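Please look at the sequence and the model before reading on.

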Amino acid sequence: MFGSLRVRNYRLYASGQVVSLVGLWMQRVAQDWLVLELSDGSPVALGIAAALQFAPTLLLSLWAGVLADRMDKRKLLLVLETGLGLCALTLGLLDVTGVVELWHVYLLCLLLGAVSAVETPVRQSFVVEMVGRDQLTNAVALNSMTFNLARMVGPAVAGVLIIVVGTGWVFLLNAISFLGVLAGLLLMRASELHRGDPVPREKGQLREGLRYVRKRADLVILLFLVFFISTFGLNFYVTLAVLARNTFGGDASAYGLLSTTLAVGTLAGATLAARRSARGKPRLRLLIFGALAFGVLEIVVGLMPTMLLSGLALIPVGIAMMTFTTTANATVQLAVSPDMRGRVMGLYMLVFLGGNPVGGPVMGWLAEHFTARSPLIVGGAVSIVAAVVGGIVLARRGGLKLPVPRFGLRRRARV
């Protein structure tokens with residue numbers, strides 16, 4: 001279950017990530033709450049902030065994949081993580097000095113999104129260099145466990161800190177947390193990394209990566225499924241804050257509580273994924289079932305009448321969500337050749353995050369003109385349809401075997 005932690009370089013990486021990701025989730029809660037305060041509780045403003053943060057993915061993630069195949073990923077990550085820390089530091093200083101305005105937050109969301117659009121594909125494709133192919137599935141699952149452990153702790157801490165010291169100090173603490181990531185990267189032994197030969201700089205490498213994916217029907221279908229579920233189903237960065245504040249009349253701690261209950265589920269889902277990793281490669285059947293279960297459970301959350309029931313319902317949602325996302329990530333990385341991994345992961349992150357500039361405002365509009373529950377119900381319905389369509393196409397192509405129960409009596413042998 002924790003096999004990847006036997007690798008020294010990965011232990012350093014994971015240790016730094018634990019510290020930094022807690023700060024990241026603290027910032028996400030504080031940023032959402034700051035936007036709501038500056039905009040008088042507007043869900044559309046929250047959707048715009050999310051769209052600006054994810055919009056650079058549309059322009060930069062494919063190019064970032066090319067960089068990941070060409071350059072030393074560890075050195076590149078040192079520069080990018082520093083940039084993320086500086087964004088948090090700037091927003092914190094603006095906030096604690098009392099001069100922050102909504103356009104400041106929008107601008108920093110855009111800058112943060114630009115750096116993240118490059119950092120994410122590089123970081124994702126760097127995992128296999130730390131642990132090798134044999135431990136990749138386990139490392140992806142452990143990354144999810146780390147991410148969701150922080151997701152469980154960070155929002156709860158942020159909810160308390162926002163009330164006690166304000167949002168600005170939360171941003172400053174996040175800036176400090178990046179020191180853990182930088183220390184882990186600097187202490188790694190470069191000689192122990194599983195590096196392939198870097199791809200030489202040539203024209204047309206981006207188009208080459210797109211052609212590679214286009215010829216792989218299994219990857220096309222998987223990316224289709226990831227796009228629709230991430231764009232319309234994984235909308236909790238918009239819905240939970242609005243649900244806590246506008247529907248249940250709660251404060252920042254209520255939002256933190258909902259985020260934490262979701263994180264309990266995602267941590268459990270990541271733990272189960274780590275246990276499954278010992279059985280071998282991830283299966284497409286698990287991917288489809290995880291997507292289908294996620295859609296159904298998200299609708300259930302949208303129908304819950306109280307905050308307590310909504311929070312409890314978010315736990316199985318988190319399990320299904322992590323079953324789907326960890327399976328999709330590991331499947332893509334194991335299915336591609338090493339010299340294409342950076343570019344394919346760039347495309348993967350484009351479809352995973354690139355739909356948010358569309359999904360964020362749409363979900364914010366639904367919450368503002370209907371109810372805060374409507375984005376959850378619509379997102380769940382879209383996820384169900386995407387899972388059914390993806391499952392049917394894969395089954396017809398022979399890439400997915402579904403269990404079919406047999407009914408009736410067995411034929412009797414002729415005498």
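Helix 12 (residues 284–303) and helix 16 pack with their axes 7 Å apart, at an angle of about 160°. The model is a predicted one, in which local features need pLDDT of at least 70 and side-chain atom pairs count only at pLDDT 80 or more, while totals for chains, interfaces and linings use all residues. Residues are numbered from 1 along each chain as its sequence is written, and side-chain values use heavy atoms, with hydrogens and water left out.

**Helix packing**

- Two packed helices are described by the angle between their axes and the distance between the axes. Axes are lines fitted to C-alpha atoms, for helices over the stretch in contact, and angles run from 0 to 180 degrees between N-to-C directions. Helices are DSSP runs (H or I, at least four residues), numbered from the N terminus.
- Helix 12 and helix 16 are therefore roughly antiparallel to each other. Angles over 145 degrees count as roughly antiparallel, under 35 as roughly parallel, 65 to 115 as roughly perpendicular, and the rest as oblique.
- The crossing of helix 12 and helix 16 is left-handed. This term applies if the near helix is turned anticlockwise from the far one by less than a right angle; if clockwise, the crossing is right-handed.
- Helix 4 (residues 73–96) packs with helix 7 (residues 167–187) at an angle of about 165°, and their axes are 7 Å apart. That makes helix 4 roughly antiparallel to helix 7. Their contact has 17 nonpolar, six polar and three charged residues. In this classing, Ala, Val, Leu, Ile, Met, Phe, Trp, Tyr, Cys and Pro are nonpolar, Asp, Glu, Lys and Arg are charged, and the others, Gly among them, are polar.
- The axes of helix 1 and helix 6 (residues 136–164) come within 7 Å and cross at roughly 40°. That makes helix 1 oblique to helix 6, and their crossing is right-handed.

**Length and burial**

- Helix 16 (residues 374–396) has 23 residues, which at 1.5 Å a residue should span 33 Å; its end C-alpha atoms are 33 Å apart, which agrees. The expected span is 1.5 Å times one less than the number of residues.
- Among the buried residues of helix 16 are P375, G379, G380 and L394. Buried means under 20% relative accessible area, exposed over 50%, and partly exposed in between (1.4 Å probe, protein chains only).
- The 17 residues of helix 9 should span 24 Å, and its end C-alpha atoms are 23 Å apart, which agrees.
- M71 lies in the loop between helix 3 (56–70) and helix 4. M71 is partly exposed, with a relative accessible area of 42%.

**Aromatic pairs**

- The whole structure holds six aromatic pairs. Rings of Phe, Tyr and Trp (its six-membered ring) pair if their centres lie within 6.5 Å; planes under 30 degrees apart count as stacked, over 60 as edge-to-face, and the rest as tilted.
- The ring centres of Y10 and Y13 are 6.0 Å apart and the planes are at 35°, so the pair is tilted. Y10 and Y13 are three residues apart in helix 1 (residues 8–38), about one helical turn, and both are buried.
- The ring centres of F228 and F232 are 6.4 Å apart and the planes are at 25°, so the pair is stacked. Both lie in helix 9 (residues 217–233), four residues apart.
- F228 is partly exposed, with a relative accessible area of 29%, whereas F232 is buried at 18%.
- Ring pairs link F224, F227, F228 and F232 into a cluster.

How values were computed
Helix = DSSP H or I, 4+ residues; strand = E, 2+ residues; numbered from the N terminus.
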